[in-house]
Amino acid sequence: MRTKLFIIHQVEGFQEEIDQAAHIIREGGLVAIPTETVYGLGADALNEDAVRRIYEAKGRPSNNPLIIHVPSADWLEDYCRDVPEVAYRLAEQFWPGPLTMILQAKDVVPKRTTGGLDTVAVRCPSHPVALAIIRAAGVPVAAPSANTSGRPSCTTAQHVIEDMAGKIEGIVDGGDCAVGVESTIIDLTCEPPQLLRPGGMPLEDIQAVIGTVRINGAVTSEPAPGEVPRAPGMAYRHYAPKAPVTVVVGEPERSARFIQANVGRYSGVICFDEFAERYPEQVVQSLGSVEDKAEQARRVFDALRAFDSTQVQEIYAQCPDSDGLGLAVGNRLKKAAGFHVVEVR
Ligand code: TXA
Ligand code: MG
């Protein structure tokens, strides 16, 4: 299949291209779209055949449900039932933005989209091009991250081309993703609400609006064999470069020293800028300053991907503390490592 590349970095002046991309989605095709978090692999969420093709293109297990993307909170009632008041409060504060809510699904949402569940994940992205395409399509757009299942998520159009060229109808290049990690997922079908996946919206900000949120166990540790976590996607080894990863948790000077003491000639290192010069013989991917978690979030997936084109045989990664966006960055690194974590103290 020939994949058409659209370059649409802004809405103004590009309505024709936006309409073309939306047309492909309405006709049941697959189009990768830019969002502020990561690139998504979009299709009409109400079209079972289109949704089936998402799973095929990604090589994704069919019990791992998709997020539906809507242009505003007004659409919630069309696809969800018994929407609690907190959902509207969160939408009011954080939509459009990197927050996904799990709600009870109405029957119009195909089981193929929800991975067989009675609930559905809903998000309103803030990238203006994504919003314009969804509005023009006039349907909720199912969009998992646009990576091949198991690989690091795509934060640039180039990443999407690597994983999806030839498999889908279109790719919209909307520039590099501003947030860089996927949305935060909150399950509102339980009491208290649960954090299923840390992401681009810090947990502290959500708690400031809705009070206590319980952190699901799959966020911080590996699910036991056979255990099905509430977000089925959290069960899989994920985001993984080809070389095995060891995440080093602890005060940055100590984690840097631990890595220095353990690296060899074929090691790769993911570290904060302040420590990058400590590894002159290794392939180094710098995450940004130890103080700048937003930059770490923007770079983490590209850093993980970059080793695949090198000779590196093992990777050590410094891990930020879990405040703010650090919870999401650390979670992605730990999942990439299959929770192979060393704590230094
Ligand atoms: O930022 C994002 O959320 C990106 C962009 C493209 O919007 N999308 C994304 O989708 O990360 P995906 O499919 O890669 O991750 C969705 C996660 C999976 O772990 C899935 O198991 C979980 O959401 N999920 C989806 N529906 C669910 C549901 N009804 N209940 C629990 N977890 C659900
Ligand atoms: Mg994903």
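Student: What makes E36 and R123 a salt bridge?
Tutor: This is a predicted model, and in it the closest N and O atoms of E36 and R123 are 2.8 Å apart. The cut-off is 4 Å between a side-chain nitrogen of Lys or Arg and a carboxyl oxygen of Asp or Glu, so the pair counts. As background, side chains of opposite charge can pair when their charged atoms come close.

Student: Where in the chain do E36 and R123 lie?
Tutor: E36 is in the loop between β2 and β3, while R123 is in strand β7.

Student: What makes R89 and E85 a salt bridge, and where do they lie?
Tutor: Their closest N and O atoms are 2.9 Å apart, and the limit is 4 Å. Both residues belong to helix α4, four residues apart, or about one turn of the helix.

Student: Why is R89 called partly exposed?
Tutor: Its relative accessible area is 33%. Buried means under 20% and exposed means over 50%, so R89, at 33%, falls in between and is partly exposed.

Student: How do you know that E162 and R305 form a salt bridge?
Tutor: The N to O distance between their side chains is 3.0 Å, which is to be set against the limit of 4 Å.

Student: Are E162 and R305 buried, exposed or partly exposed, and why?
Tutor: E162 has 47% relative accessibility, so it counts as partly exposed. R305 has 5%, under the 20% cut-off, and therefore counts as buried. E162 and R305 also belong to a network of salt bridges that links them with R151, D163 and D308. A search of the whole structure finds 21 salt bridges.

Student: Why is D82 called exposed?
Tutor: D82 has a relative accessible area of 61%. The cut-off for exposed is over 50%, so D82 is exposed. D82 is in the loop between β5 and α4. Its phi is near 50°, a positive value in a residue other than glycine.

Student: Why does F339 count as buried?
Tutor: F339 has 18% relative accessibility, and buried means under 20%, so F339 counts as buried. F339 lies in the loop between α10 and β17, and has a positive phi of about 60° although it is not a glycine.

Student: What makes Q104 partly exposed?
Tutor: Q104 has a relative accessible area of 23%. That value is between the cut-offs of 20% and 50%, so Q104 is partly exposed. Q104 is in strand β6. Among the residues Q104 touches are Y79, R81 and D118. The C-alpha atoms of Q104 and D118 are separated by 6.1 Å, though the two are 14 residues apart along the chain.

Student: How do you know that the radius of gyration of the chain agrees with that of a compact globule?
Tutor: A compact globule of 345 residues would have a radius of gyration near 20 Å, and the chain has 20 Å, so the two agree. Of the 345 residues, 58% count as buried.

Conventions. Residues are numbered from 1 along each chain as its sequence is written. Chains are lettered from A and ligands numbered from 1 in the order in which they are written. This is a predicted model: local features need pLDDT of at least 70, side-chain atom pairs count only at pLDDT 80 or more; totals for chains, interfaces and linings use all residues. Side-chain values use heavy atoms; hydrogens and water are left out. The radius of gyration is taken over C-alpha atoms; the globule rule is 2.2 Å times the number of residues to the power 0.38. Buried means under 20% relative accessible area, exposed over 50%, partly exposed in between (1.4 Å probe, protein chains only). Helices (H or I, at least four residues) and strands (E, at least two) are DSSP runs, numbered from the N terminus. Contact means heavy atoms within 4.5 Å. Lists of a residue's contacts leave out its neighbours within four places in sequence.
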